[in-house]
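The following exercises are meant to be worked through with the sequence and the coordinates side by side.

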Amino acid sequence: MQLYLPIADLPVNVFLILAMGAAVGFVSGMFGIGGGFLMTPLLIFAGIAPGVAVASVASHIAASSFSGAISYWRRRAIDPTLAFVLLTGGVMGTALGVWTFSLLRSLGQLDLMIALSYVVLLTTVGGLMFWEGLRAIIRARRGTPVRIRRAGSHGWIHALPFKIRFKRSKIYLSVVPVIVVGLLIGFIGAVMGIGGGFILIPTMIYLLRVPTSTVIGTSMVLTLVTMLIATLLHAATNHLVDAVLALILMVGGVTGAQFGARAGQRIRGEHLRLLLGLLILAVGIRFAIELVIRPDDLFTIREVGVSE
Amino acid sequence: MRRLGLCLSVTTCLLASAIGLPSARAERLIVSVSNQRVTVTPNYSGEELVLFGSVEKDAETPPDRASYDLVVTISGPPADMVTRRKERKFGIWINTDYREFIQVPDYLAVFSNRPLEAIASPEIARRQQLGLDNVRLTQRLGSDYADVVPNDAFRRAFVRLRAEGGLYREDMSAVSFLTPTLFRTGIPLPAEVATGTYHVDIQLFAGGALITHTETAFEIVKVGFEQFVATTARQNGLTYGLATAFMALMTGWMASIVFRRD
């Protein structure tokens, strides 16, 4: 069934977009990430202009992370204090990111910067996650006990001032690294047009040592708020949010996310990390190949933003 | 309503061609497009219009004039576009060089009844901008504005890429004469065409010379829901954003209720 998108200015197959939304939603529900790094390239591949894709995906991620956040809230798997501190940094980071985005655009080569940061970020994070998951599996096979928290090895993070107690996560931590993490995620998200959940979750687990029980739910709150802000900014400044496209993606996405979340609960943690690492690595490598291999067509056309 | 519009514009065309070409011309062109106002609705997926016309002879028409040639040029709303070329630098393919095309038509179609070379000499073809190779596509390079030779790499790539999307097309047999003076041609519009006014220029040739020409136009407009969404997004960006954000929250909330298990 074909449907004409009012902002993207082209007809799309509703079932194709629904299926794409559901597939990405499944992945996002399974791993507790937004899935923007998968959705945006998929939409561009389907023929939607990159600007419209990035802007509309923001609202799609907001919807799926809200439905996720509600169910995590019911299971008391969200740490409100931690989410609030993260958000303070996240909001600042988003604003900074939008500003950098405009600066990069005026200098030209924004596309290259985005492609390069996708490659660097995705291959690094994906590679680390894959390697860590693999090691955990090997350890489990050998029967070595898995040490989640190394006793006594507090490190420099715990020497920082302004410590507060995050009750639900049962950690006692300085607010400084939490704000910095929020800032970084907000910044990366605004520049690259992604939610950043796939970076946030490992950072929270390995750097801040937040227990796995509250990690996904809390990260969803951060994703939800930054993506809502991104939707507003994109709609107010670029007029590129396609509400019809977003609605189709949302309906597919939230449905897929529910099934994904159920599937995710049946898989063991280290296997989940291994799978997610592989997936991220694959997307990163795909971007790298695109940069290295001679493109089919050396020329591209892009309509210059109509300024009215 | 649509029929009234059609009648009106046909009359306007008649008037325009009658006033615009007072005398000395022996032929007149009378044309009409099957639909003057193409509306974009949710199930819009492209359309094909039909252009009908007739060559009206009068007393001054030389009696030995046996056959006519027609070139129909349809150009869509103008837009600025950038064509970029990738080059290998430091082992990766990056955009290096680019050309800006200023106010070039979003859609461009050239239809004729036989090959352009047979209709007019290269000079006339160039002067009348006949065919994709001769249509003026202004490029900007720094502060210079110019149209370059047809075999310029950027221009060629631009026309080729537009043609791949069906937005630029050239068909040397699209115009068919039903009688020696009555002609028709289809105007295929792919779904990706921009909304706006489309100008149709019809040029009549005989014996290699331009005898007369006439113009008509049609428009592609968004109506109803499509138009509402597009204008709201443009004029009330923040409200639109808030509505979209609210929609996102509602969808998420609905899903959590529908799929609630506990």
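**Exercise 1.** Within what distance do the axes of helix α7 (residues 197-206) of chain A and helix α8 (residues 212-238) of chain A come, and at roughly what angle do they cross?

Solution. The model is a predicted one. In it, the axes of α7(A) and α8(A) come within 10 Å, and their crossing angle is roughly 140°. Angles over 145 degrees would count as roughly antiparallel, and those from 65 to 115 as roughly perpendicular, so α7(A) is oblique to α8(A). The crossing in which α7(A) passes α8(A) is right-handed. On the α7(A) side the contact is made by A:Gly197, A:Leu200, A:Ile201, A:Met204 and A:Ile205, while α8(A) contributes A:Thr212, A:Val215, A:Ile216, A:Ser219, A:Leu222 and A:Thr223. Sorted by class, the residues of this contact are seven nonpolar and four polar, with no charged residue.

**Exercise 2.** Determine how many residues of chain A are in contact with chain B, and which elements supply them.

Solution. The contact joins 47 residues of chain A to 48 residues of chain B. Elements of chain A that each supply at least two residues of this side include the strands β1 (2-5), β2 (10-13) and β5 (299-303), as well as the helices α3 (50-74), α5 (110-142) and α8. The side of chain A that touches chain B divides into 31 nonpolar, ten polar and six charged residues.

**Exercise 3.** Examine how α3(A) packs against helix α6 (residues 237-258) of chain B.

Solution. The two axes come within 8 Å and cross at roughly 35°, and α3(A) passes α6(B) in a right-handed crossing. Residues of α3(A) in the contact include A:Ala62, A:Ala63, A:Phe66 and A:Ile70, and those of α6(B) include B:Ala248, B:Leu249, B:Gly252 and B:Trp253. The contact of α3(A) with α6(B) has nine nonpolar and eight polar residues, and no charged ones.

Notes: Residues are numbered from 1 along each chain as its sequence is written. Chains are lettered from A and ligands numbered from 1 in the order in which they are written. This is a predicted model: local features need pLDDT of at least 70, side-chain atom pairs count only at pLDDT 80 or more; totals for chains, interfaces and linings use all residues. Axes are lines fitted to C-alpha atoms, for helices over the stretch in contact, and angles run from 0 to 180 degrees between N-to-C directions. Helices (H or I, at least four residues) and strands (E, at least two) are DSSP runs, numbered from the N terminus. Angles under 35 degrees count as roughly parallel, over 145 as roughly antiparallel, 65 to 115 as roughly perpendicular and the rest as oblique. A crossing is left-handed if the near helix is turned anticlockwise from the far one by less than a right angle, and right-handed if clockwise. Two residues are in contact if their C-beta atoms, placed from the backbone, lie within 7 Å. Ala, Val, Leu, Ile, Met, Phe, Trp, Tyr, Cys and Pro count as nonpolar, Asp, Glu, Lys and Arg as charged, and the others, Gly among them, as polar.
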